[in-house]
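Please prepare a briefing on the structure shown below.

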Amino acid sequence: MHASRTRRGSDVLVVGGGIIGLVTAWRAARQGLRTALADPSPGGGAAQVAAGMLAPVTELHYGEEALLDLGLASAARYPQFAEELAEASGGLDIGYRACGTLAVALDADDRLHLRELHALQRRCGLDSEWLTGRECRRLEPMLAPGVRGGLRVDGDHQVDPRRLAAALLAACERAGVEIHRAPAQRLLVTADRASGAVLDEGTELHADQVVLAGGSLSGRLAGVPPQAVAPVRPVKGQVLRLSVPAAYAPFLSRTVRAVVRGSHVYLVPRENGELVIGATSEELGWDTTVTAGGVYELLRDAHELVPGITELPLTETRAGLRPGSPDNAPLLGPTELPGLHLATGHYRNGVLLTPLTGEVMAELLATGELPQIARPFTPRRFSAARQESYA
């Protein structure tokens with residue numbers, strides 16, 4: 001009976017059940033589209049490792065200003081998105097906290113870097129406030145005495161990605177998304193158009209449109225024509241989780257981040273007493289080994305920033321893979337193969353861009369039109385670049 005139901009086909013098949021695949025499926029179903037999703041472990045993926053910072057302002061990097069509007073637009077949607085998702089999931093809270101972020105400098109070079117970032121933020125019309133070291137320590141008394149200054153960004157918030165994934169999965173199930181807990185092995189192509197996928201046990205899932213949302217695995221699905229393959233690579237990140245005993249609370253009141261000896265480190269406090277420390281960024285292919293060196297570097301850098309962390313219990317070490325595109329910006333929209341769309345390549349902004357990605361992909365699937373805000377991030381930007389390189 002299950003096989004005959006799948007043979008009838010869906011309007012949309014989403015391949016990949018991380019937070020991006022789940023939000024796409026949920027929003028598509030809410031548009032009235034018959035939606036199926038294939039993933040061996042829906043709700044897993046990079047979200048299980050991510051810290052959940054919603055930080056378009058403090059994450060601003062030179063050369064990535066094009067991402068800024070996308071990030072700000074998605075961050076602005078989060079309060080309403082959290083409420084809507086709580087209702088759709090049967091009351092699951094995603095841990096959204098409007099707690100702000102403090103980016104601090106530990107030496108003169110870091111202070112200069114933060115000053116330059118502050119100038120860039122101001123040129124982009126962003127709201128951030130420069131603080132002295134003393135003012136930083138007044139906000140966060142656990143900071144090291146040597147902090148030289150910092151940027152206070154009250155508009156950069158946080159969410160718990162694991163709770164977000166659980167809520168999205170529940171919302172999909174309640175919205176009628178047909179979930180297949182198996183990996184897709186091959187794309188089905190009929191008359192030069194994507195028409196579904198074959199699962200590992202041989203089941204064929206037919207659909208009018210296919211969304212490839214497999215994170216760093218998005219480029220590995222067999223059967224995708226070369227011109228439509230997702231240009232994504234895995235970028236390893238190692239993350240630590242510590243527990244803050246009641247005697248130490250409140251340990252930190254907001255996200256704290258810094259550059260220590262050229263390496264980025266952040267500390268994200270949760271309301272439940274968990275403290276997330278991350279994250280390394282390593283171009284090591286598909287390796288997800290937690291290494292002694294990675295753990296040591298994170299603890300060392302975090303200790304320089306907040307010395308008291310050495311007193312906290314270490315509860316988890318984990319490594320995951322972020323999906324990076326050639327320009328580290330997401331891939332949203334149609335490919336060169338009709339009927340095949342991408343929702344991947346979010347790199348370090350997957351959690352931040354979840355609300356907007358779901359909205360954009362649902363509108364594309366329902367109307368055939370990619371919303372204006374997402375057009376700079378179409379996968380076809382790389383097809384055009386390839387064609388120009390051969391001209």
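Arg27 belongs to helix H2, which covers residues 19–30; helices (H or I, at least four residues) and strands (E, at least two) are DSSP runs, numbered from the N terminus. The model is predicted, so local features need pLDDT of at least 70 and side-chain atom pairs count only at pLDDT 80 or more, while totals for chains, interfaces and linings use all residues. Residues are numbered from 1 along each chain as its sequence is written, and side-chain values use heavy atoms, with hydrogens and water left out.

**Arg27**

- Arg27 counts as buried because its relative accessibility is 15%; buried means under 20% relative accessible area, exposed over 50%, and partly exposed in between (1.4 Å probe, protein chains only).
- The side chains of Arg27 and Glu84 are joined by a polar contact of 2.8 Å. A polar contact is a pair of N or O atoms within 3.5 Å; within protein, one must be able to donate a hydrogen and the other to accept it, and residues adjacent in sequence count only if both atoms are side-chain atoms.
- Residues up to four places away in sequence aside, Arg27 touches Phe81, Glu84, Gly358, Glu359 and Ala362, where contact means heavy atoms within 4.5 Å.

**Gly43**

- Gly43 is found in the loop between strand E2 (35–38) and strand E3 (53–54).
- With 10% relative accessibility, Gly43 counts as buried.
- Gly43 and Gly18 are 25 residues apart along the chain, and their C-alpha atoms are separated by 5.1 Å.

**Glu140**

- Glu140 is placed in the loop between helix H5 (133–139) and E6.
- The relative accessible area of Glu140 is 2%, so this residue is buried.
- A polar contact of 2.9 Å links the side chain of Glu140 to the side chain of Arg254.
- Beyond residues up to four places away in sequence, Glu140 touches Leu102, Phe251, Leu252, Ser253, Arg254 and Val256.

**The eight-stranded sheet**

- Eight strands form an open sheet in the order E5-E6-E4-E13-E14-E15-E12-E16, and their pairing is mixed; two strands pair if DSSP finds at least two bridges between them.
- Strand E5 (129–132) and strand E16 (314–324) stand at the edges with a single partner strand each, so one side of each has no neighbour in the sheet.
- From one strand to the next, the twist averages 25°. Axes are lines fitted to C-alpha atoms, for helices over the stretch in contact, and angles run from 0 to 180 degrees between N-to-C directions.
- E5 and strand E6 (residues 149–153) run antiparallel and are joined by four bridges.
- Thr132 has Gly149 in E6 as its bridge partner.
- Helix H4 (residues 108–123) packs on the sheet and touches strand E4 (101–105), E5, E6 and strand E13 (255–260). The direction of H4 makes about 30° with that of E6.

**The whole chain**

- The protein chain contains nine helices and 18 strands.
- Its radius of gyration is 21 Å, close to the 21 Å that the globule rule gives for 391 residues, so the chain is as compact as a globular protein of that length. This radius is taken over C-alpha atoms, and the globule rule is 2.2 Å times the number of residues to the power 0.38.
- The C-alpha trace of the protein chain spans about 65 × 50 × 40 Å along its principal axes.
- Of the 391 residues of the protein chain, 58% count as buried.
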